[in-house]
Amino acid sequence: MLDGILVRLDSPDAVAAHAADLVTQACEQAIRDRGRFTLALAGGSTPKLLYRLLATRKPALDWSRCVLLFGDERCVPHDHPDSNMKMAETTLTGPAGVPHSSILPVPTHLPPAQAAAAYEATLRRLLPEQGPGIDVVLLGMGADGHTLSLFPGDDAAVAESQRWCIHTKAPAPFAVPDRVTMTLPLVNAARLRLFMVTGADKSPRLDAIVAGTQTPPAAMVRQATWLVAT
Ligand code: 6PG
């Protein structure tokens with residue numbers, strides 16, 4: 001069964017608008033309570049609508065008090081067209097003028113396993129060892145049920161229980177085989193896990209997750225809020 005809340009919306013624009021409201025509310029609350037807001041960005045294409053909206057949400061979103069992380073990254077240079085950092089720069093951090101000091105990119109200049117270890121060290125310096133960690137983790141889902149860069153069939157990666165970041169391999173035909181991804185222990189310790197799932201191609205997988213007949217990696221994310229238009 002889907003562990004969490006499912007909100008069915010009419011369009012990708014409605015998903016982005018709803019997500020922007022939830023992120024903005026979480027940001028204002030985190031800054032009031034803790035003086036800082038940590039947001040893990042999702043890659044792919046669905047989040048682009050949200051990121052363009054968030055770029056217009058100043059001053060509610062005080063970027064100087066935010067830390068932007070990456071839920072996963074392709075192991076390519078940050079100016080590569082398949083880079084999630086590149087996508088975030090184009091749709092959010094550039095247009096919003098997010099200071100570089102507020103962005104923690106995955107160090108993809110390192111070999112993949114070293115990049116994952118280095119990013120984990122960065123996250124462990126940023127976040128508490130126990131208790132709630134990242135404020136909001138944005139997530140997408142592929143039609144195969146992958147999320148982040150945790151892919152069906154990579155049982156070791158999905159079952160990882162100690163490390164916060166690992167090197168995984170994306171199967172063909174996904175872009176860029178070598179990935180760095182956050183793991184479920186880190187994601188499931190966040191305050192809010194927010195899925196955005198759009199596209200009719202994802203509907204059969206989503207239905208199977210809701211029915212409890214399939215548990216792909218996306219279904220292993222606990223107590224998530226799912227905003228869907230499929
Ligand atoms: C990535 C993403 C990945 C994405 C899904 C869905 O780096 O590709 O993190 O997990 O969320 O592939 O992508 P879309 O939302 O573009 O369909």
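Author: The answer below treats the aromatic pairs, then the salt bridges, then a helix crossing, and lastly some backbone features.

This is a predicted model, in which local features need pLDDT of at least 70 and side-chain atom pairs count only at pLDDT 80 or more, while totals for chains, interfaces and linings use all residues. Residues are numbered from 1 along each chain as its sequence is written, and side-chain values use heavy atoms, with hydrogens and water left out.

The structure holds two aromatic pairs. Rings of Phe, Tyr and Trp (for Trp, its six-membered ring) pair if their centres lie within 6.5 Å; planes under 30 degrees apart count as stacked, over 60 as edge-to-face, and the rest as tilted. Phe-151 belongs to the loop between strand S5 (136–139) and helix H5 (155–159), and Phe-174 to the loop between strand S6 (165–169) and strand S7 (178–182), so the contact ties together parts that are 23 residues apart in sequence. Helices (H or I, at least four residues) and strands (E, at least two) are DSSP runs, numbered from the N terminus. With regard to solvent, buried means under 20% relative accessible area, exposed over 50%, and partly exposed in between, using a 1.4 Å probe and protein chains only. Phe-151 counts as buried at 3%, whereas Phe-174 is partly exposed at 31%.

Phe-195 and Trp-226 form a stacked aromatic pair, with 3.8 Å from centre to centre and 15° between the planes. Phe-195 is in strand S8 (residues 192–198) and Trp-226 in strand S9 (residues 224–229), so the pair ties together parts that are 31 residues apart in sequence. Phe-195 is buried, with a relative accessible area of 0%, and Trp-226 is buried as well, at 1%.

A ring can also meet a charge. A charge sits over a ring if NZ of Lys or CZ of Arg is within 6 Å of the ring centre and within 35 degrees of the ring normal. Arg-124 lies over the face of Trp-164 in this way, at 4.1 Å from the ring centre.

The next topic is pairing between charges. Side chains of opposite charge can pair when their charged atoms come close. A salt bridge is a side-chain nitrogen of Lys or Arg within 4 Å of a carboxyl oxygen of Asp or Glu, and the structure holds nine of them. One of these joins Arg-57 to Asp-21, the closest N and O atoms being 3.1 Å apart. Arg-57 is in the loop between helix H2 (47–54) and strand S3 (66–70), and Asp-21 is in helix H1 (residues 12–34), so that distant parts of the chain, 36 residues apart, are linked. Both residues are partly exposed: Arg-57 has a relative accessible area of 23% and Asp-21 one of 34%.

Another salt bridge is formed by Arg-34 and Asp-135, with the closest N and O atoms 2.7 Å apart. Arg-34 lies in helix H1 and Asp-135 in the loop between helix H4 (112–126) and S5, so this pair ties together parts that are 101 residues apart in sequence. Arg-34 is partly exposed at 39% relative accessibility, whereas Asp-135 is buried at 5%. Asp-135 also meets Arg-191 in a salt bridge (3.4 Å, N to O). Arg-191 is in the loop between helix H6 (184–187) and S8, and this pair is 56 residues apart. Arg-191 counts as partly exposed at 40%. Through shared partners, Arg-34, Asp-135 and Arg-191 are joined into one network of salt bridges.

Helix H1 also meets helix H2: their axes come within 8 Å and cross at roughly 50°. Axes are lines fitted to C-alpha atoms, for helices over the stretch in contact, and angles run from 0 to 180 degrees between N-to-C directions. H1 is therefore oblique to H2, since angles under 35 degrees count as roughly parallel, over 145 as roughly antiparallel, 65 to 115 as roughly perpendicular and the rest as oblique.

Finally, the backbone deserves attention. Most residues other than glycine have a negative phi, and most peptide bonds are trans. A cis peptide bond, with omega of about 10°, joins Ala-172 and Pro-173. Pro-173 is in the loop between S6 and S7. Val-176 is found in the loop between S6 and S7, and has a positive phi of about 55° although it is not a glycine.
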